[in-house]
Amino acid sequence: MIALLIAGCLTSAAPCRAAPGDDESRAVEKSASEPAYRTESLQGRVVWLAEALKKKYGIETDRDALHASVALETRDGRLLPIVKDFRGRGFFIDPRLREMDLELLVRTFEGSPVIQVVRVYALKPDGKYELDYWCDICSIPMYELKECECCQGPIRIRLRLSEEAGDHGPKPSEGGD
């Protein structure tokens, strides 16, 4: 059941939700010819990989590599390169996405350091928000900053409070010492 649900997510650009009680962190095997992957949530900030390598390890890259790759810098300091596909491409285009605390639902593949973004959440003091781009005229979601695919008009970042439960920081009523 879970394999069919997740396989359906691969062929659809629309968000796909697991059924209540399904464990999204389970390994999924798509077929004998395609590698298995794990789906997991990771928190951190998206950074230019070349800049992070220089800052963290003193590694200098060629000038043309400065903005060639992005990575999720996790809260524990790991650098995980992001696949540049229809969900990962947005981090190259919109600098605002590289300034936010994020939670990414990603696929990881055994033996590969890269992550493939499935869903993007902005983490704010008052909660976790699902993030995409939205055309107010056509009412369609998109995953990168560009003109609307339908009307060619402007689109905006859309943040919707996530229905998922979880503690992602102090709530305003909890305060903190």
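**Entry 1: layout**

Reading from the N terminus, I find that the elements of the protein run α-β-β-α-β-β-α-β-β-β-β-β, which comes to 3 helices and 9 strands; I take helices (H or I, at least four residues) and strands (E, at least two) as DSSP runs numbered from the N terminus. I note that this is a predicted model, in which local features need pLDDT of at least 70 and side-chain atom pairs count only at pLDDT 80 or more, while totals for chains, interfaces and linings use all residues. Residues are numbered from 1 along each chain as its sequence is written, and side-chain values use heavy atoms, with hydrogens and water left out.

I looked up burial for the protein and found that buried residues make up 38% of its 177 residues, where buried means under 20% relative accessible area, exposed over 50%, and partly exposed in between (1.4 Å probe, protein chains only). For contacts, meaning heavy atoms within 4.5 Å, I counted those with a separation of 6 or more, and residues 24 or more positions apart account for 53% of them.

**Entry 2: helix α2**

Which residues of helix α2 are buried? In this helix, residues 49–57, they are L49, A50, A52 and L53. Seen down the axis of α2, these buried residues fall within an arc of 165 degrees, so they line one face of the helix; the arc is that of the directions from the helix axis to the C-beta atoms. What covers them includes β2 (37–48), β3 (70–74) and β4 (79–81). After α2 comes G58, whose phi is positive, near 75 degrees.

**Entry 3: nonpolar cores**

I next searched for nonpolar cores, each a set of buried Ala, Val, Leu, Ile, Met, Phe, Trp, Tyr and Cys residues joined through side-chain atoms within 4.5 Å. The largest has 25 residues, and those with the most contacts inside it are V46, I82, F91 and L104. Two or more residues of this core come from each of β2, β3, α3 (90–93), β5 (102–109), β6 (115–124) and β7 (127–134), and β6 gives the most, with 4 residues. A second, separate core of 6 residues includes V47, A52, A71 and L79; A52 is also one of the buried residues of α2. As background, nonpolar side chains in soluble globular proteins tend to be buried together.

F91 touches V46, V70, I82, L97, R98, L102, L104, V117 and V120. I82 has its place in the loop between β4 and α3 and is buried, with a relative accessible area of 7%. Among the residues that I82 touches are V46, V70, A71, L72 and G88, and its list also includes F91, L104, I115 and V117. The C-alpha atoms of I82 and V47 are 35 residues apart along the chain and separated by 9.9 Å.

How many cavities of 30 Å³ or more does a search of the whole structure find? It finds 3, a cavity being a set of points, on a 1 Å grid over the protein atoms alone, where a 1.4 Å probe fits but cannot get out, with lining residues having an atom within 4 Å of a point.

**Entry 4: loops and tail**

Where does S139 lie? It lies in the loop between β7 and β8 (141–142), and it is partly exposed, with a relative accessible area of 43%. Phi of S139 is near 55 degrees, a positive value in a residue other than glycine. Q152, in the loop between β8 and β9 (156–161), has a positive phi of about 65 degrees although it is not a glycine, and is partly exposed at 46% relative accessible area. I set against these the general rule that most residues other than glycine have a negative phi.

Is E163 buried or exposed? E163, in the segment after β9, is exposed, with a relative accessible area of 77%. E163 and E130 are 33 residues apart in sequence and 9.1 Å apart in space, C-alpha to C-alpha.

Definitions and conventions:
1 Å grid on protein atoms, 1.4 Å probe; cavity = no way out; pocket = protein on both sides within 12 Å on 5 of 7 lines; lining within 4 Å. Points joined across faces, edges and corners; volume = space filled by probe spheres on them. Lists of a residue's contacts leave out its neighbours within four places in sequence.
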